[in-house]
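Please look at the sequence and the structure first.

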Amino acid sequence: MELIKSKTYLNLAKAYAGECMARTRYEMIEYGARQQGYTFLAELIDEIAYNEFNHARMLYSFIQTAKTGKIDNIDICSGYPFREKWDLVENLRLAAEDEEDEATRIYPMYAKIAYEEGFKDIGGLFENLSSVETCHSKRLKSLHEQFSKGTAYKKEKSVKWKCSACGYEADGKEAFAVCPLCQAKQGVVQLQEE
Ligand SMILES: [Fe+2]
Ligand SMILES: [Fe+2]
């Protein structure tokens, strides 16, 4: 089967659109985190956003293999989440859910279709994407839990806290409010990812 005439071709375009949107949603979450002084959380979110960019890049590259000339336009019809508003903690929860949907429903379905249509490499790409989105979902769930329960910088047992700005470390149940070395605020302290 020719890729350009396949369902997989459209699925690549749908997934590309989804990854671009996911990246933008993360940039918005990152923006909110920075505004509230959660610099380290913003860095983590930025890392996930960059992952989504690279997912989009790979999907785009496969789309380009469908034709030697220019691809002017691809018409797609698909649904995407638009639930996030300007609530940082709630957005972490919604992002975790969106990731889970991609990981457990959308990408496995696209992988199955790709294999059925004989596109082994693209099937593999969708499987690999699915496994990364599973990790994203887990990380976001953990971050949501910590920020919703107020345990991000306060633990039951003593842990090691590290300033991501200057590298200063201290043990304690609670992260230092201001870094004794560089005076950075608590939001720069590295989060413990459970
Ligand atoms: Fe992704
Ligand atoms: Fe993701």
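Ser-137 is in contact with Ala-96, Glu-99, Glu-100 and Ala-103, leaving aside its neighbours within four places in sequence; two residues are in contact if their C-beta atoms, placed from the backbone, lie within 7 Å. The model is a predicted one, in which local features need pLDDT of at least 70 and side-chain atom pairs count only at pLDDT 80 or more, while totals for chains, interfaces and linings use all residues. Residues are numbered from 1 along each chain as its sequence is written, and chains are lettered from A and ligands numbered from 1 in the order in which they are written.

**Selected residues**

- Ser-137 sits in helix H4; helices (H or I, at least four residues) and strands (E, at least two) are DSSP runs, numbered from the N terminus.
- Ser-137 counts as buried because it has 20 C-beta neighbours inside 10 Å. The cut-offs are 20 or more other C-beta atoms within 10 Å of its own for a buried residue, 12 or fewer for an exposed one, and anything in between for a partly exposed one, with C-beta atoms placed from the backbone.
- Between the C-alpha atoms of Ser-137 and Tyr-168 there are 30 Å, and the two residues are 31 residues apart along the chain.
- Leu-59 belongs to helix H2 and is buried, since 24 other C-beta atoms lie within 10 Å.
- With neighbours within four places in sequence left aside, the contacts of Leu-59 are Leu-12, Ala-15, Tyr-16 and Glu-19.
- Leu-59 and His-136 are 77 residues apart along the chain, and their C-alpha atoms are separated by 18 Å.
- Gln-183 lies in the segment after strand S2 (169–174) and is exposed, because it has 10 other C-beta atoms within 10 Å.
- The phi of Gln-183 is near 70°, a positive value in a residue other than glycine. Most residues other than glycine have a negative phi.

**Overall make-up**

- The protein has four helices and two strands, and along the sequence they follow the pattern α-α-α-α-β-β.
- Taken along the principal axes, the box filled by the C-alpha atoms is roughly 65 × 30 × 30 Å.
- Of the 194 residues, 32% count as buried.
- Among contacts with a separation of 6 or more, 63% come from residues 24 or more positions apart.

**Helix packing: H1 with H2**

- Helix H1 (residues 7–35) and H2 cross at roughly 165°, and their axes come within 8 Å. Axes are lines fitted to C-alpha atoms, for helices over the stretch in contact, and angles run from 0 to 180 degrees between N-to-C directions.
- H1 and H2 are therefore roughly antiparallel to each other; angles over 145 degrees count as roughly antiparallel, under 35 as roughly parallel, 65 to 115 as roughly perpendicular and the rest as oblique.
- H1 passes H2 in a left-handed crossing, a term used if the near helix is turned anticlockwise from the far one by less than a right angle, with right-handed used if clockwise.
- The contact of H1 with H2 has 20 nonpolar, two polar and seven charged residues. Ala, Val, Leu, Ile, Met, Phe, Trp, Tyr, Cys and Pro count as nonpolar, Asp, Glu, Lys and Arg as charged, and the others, Gly among them, as polar.

**Helix packing: H3 with H4**

- The axes of helix H3 (residues 88–116) and H4 are 7 Å apart, at an angle of about 165°, so H3 and H4 are roughly antiparallel.
- H3 and H4 also have a left-handed crossing, and their contact comprises 17 nonpolar, seven polar and eight charged residues.

**Helix packing: H2 with H4**

- Helix H2 (residues 39–64) packs against helix H4 (residues 120–149) at about 165°, with the axes 12 Å apart. That angle makes H2 roughly antiparallel to H4.
- The crossing of H2 and H4 is left-handed.
- H2 contributes Leu-41, Ile-48, Asn-51, His-55, Met-58 and Phe-62 to the contact, and H4 contributes Ile-122, Leu-125, Leu-129, Val-132, His-136 and Leu-143.
- By class, this contact of H2 with H4 holds nine nonpolar, three polar and no charged residues.

**Domains**

- The domain assignment gives domain 1 (3–149) and domain 2 (154–188); such bounds come from an automatic or database domain assignment.
- The centres of domain 1 and domain 2, taken over C-alpha atoms, are 32 Å apart.
- Five residues of domain 1 are in contact with four residues of domain 2. On the domain 1 side, the touching residues divide into two nonpolar, two polar and one charged.
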